[in-house]
Amino acid sequence: MLTAFYQQMGESDCETIGSGFLAQPVNAVSSLVFSGIGLFVILWAMRVTGNERVVRIVFGALMVLTGAGSVLFHGLQGPAARFGHDATFLMAIWFLAITNVAGVYRWSQALGWGVFVVGALVLAGVLTVASGAANVLMVATVA
């Protein structure tokens with residue numbers, strides 16, 4: 001039963017799933033780049049003030065979490081790994097989409113943050129009940 005679960009996770013990736021501590025060591029370790037970029041963005045946020053600082057810090061945190069979720073998915077492959085991998089990546093994309101739309105249409109800060117939070121909760125809810133919906137959600141979010 002668990003073997004079938006592990007084989008389903010990451011089976012379409014280029015790296016073969018192994019039996020070591022990290023199921024896909026190259027994918028798992030290289031996923032840390034997302035976290036490194038996130039830390040860079042958080043440090044970069046210290047150069048600005050106000051809402052721009054908050055936006056950078058939140059995006060940086062989402063990137064750190066995306067790296068961690070990806071390490072869980074490609075490495076340890078525990079029960080919450082798929083959700084952690086998919087939800088963090090989708091929320092980072094959703095955040096970029098909403099901050100760009102909010103800027104173009106000059107939304108208030110409250111509206112922009114509200115749309116992001118509601119959308120993030122919807123994404124998490126959908127992934128909770130339909131984990132296979134990640135690709136559809138990603139296409140919809142990017143579009």
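Trainee: Is F21 buried or exposed?
Mentor: F21 is exposed, with a relative accessible area of 69%. Buried means under 20% relative accessible area, exposed over 50%, and partly exposed in between, using a 1.4 Å probe and protein chains only.

Trainee: What kind of model is this?
Mentor: This is a predicted model: local features need pLDDT of at least 70, side-chain atom pairs count only at pLDDT 80 or more, and totals for chains, interfaces and linings use all residues. Residues are numbered from 1 along each chain as its sequence is written, and side-chain values use heavy atoms, leaving out hydrogens and water.

Trainee: Back to F21. Where does F21 lie?
Mentor: In the loop between helix 1 (2-8) and helix 2 (25-30). Helices are DSSP runs of H or I, at least four residues, numbered from the N terminus.

Trainee: New topic. Which residue between helix 4 and helix 5 do I look at?
Mentor: Look at Q77, in the loop between helix 4 (50-76) and helix 5 (81-104). Q77 has a positive phi of about 55°, although it is not a glycine.

Trainee: Is Q77 buried or exposed?
Mentor: Buried, at 2% relative accessibility.

Trainee: And what about the phi of R106?
Mentor: R106 has a positive phi of about 55°, and it is not a glycine. R106 sits in the loop between helix 5 and helix 6 (109-129). R106 counts as exposed, at 75% relative accessibility.

Trainee: Last one. Where is L32?
Mentor: L32 is in helix 3, residues 32-45. At 47% relative accessibility, L32 is partly exposed.

Trainee: How many Å separate the C-alpha atoms of L32 and M138?
Mentor: They are separated by 21 Å, and L32 and M138 are 106 residues apart along the chain.

How values were computed:
Helices (H or I, at least four residues) and strands (E, at least two) are DSSP runs, numbered from the N terminus.
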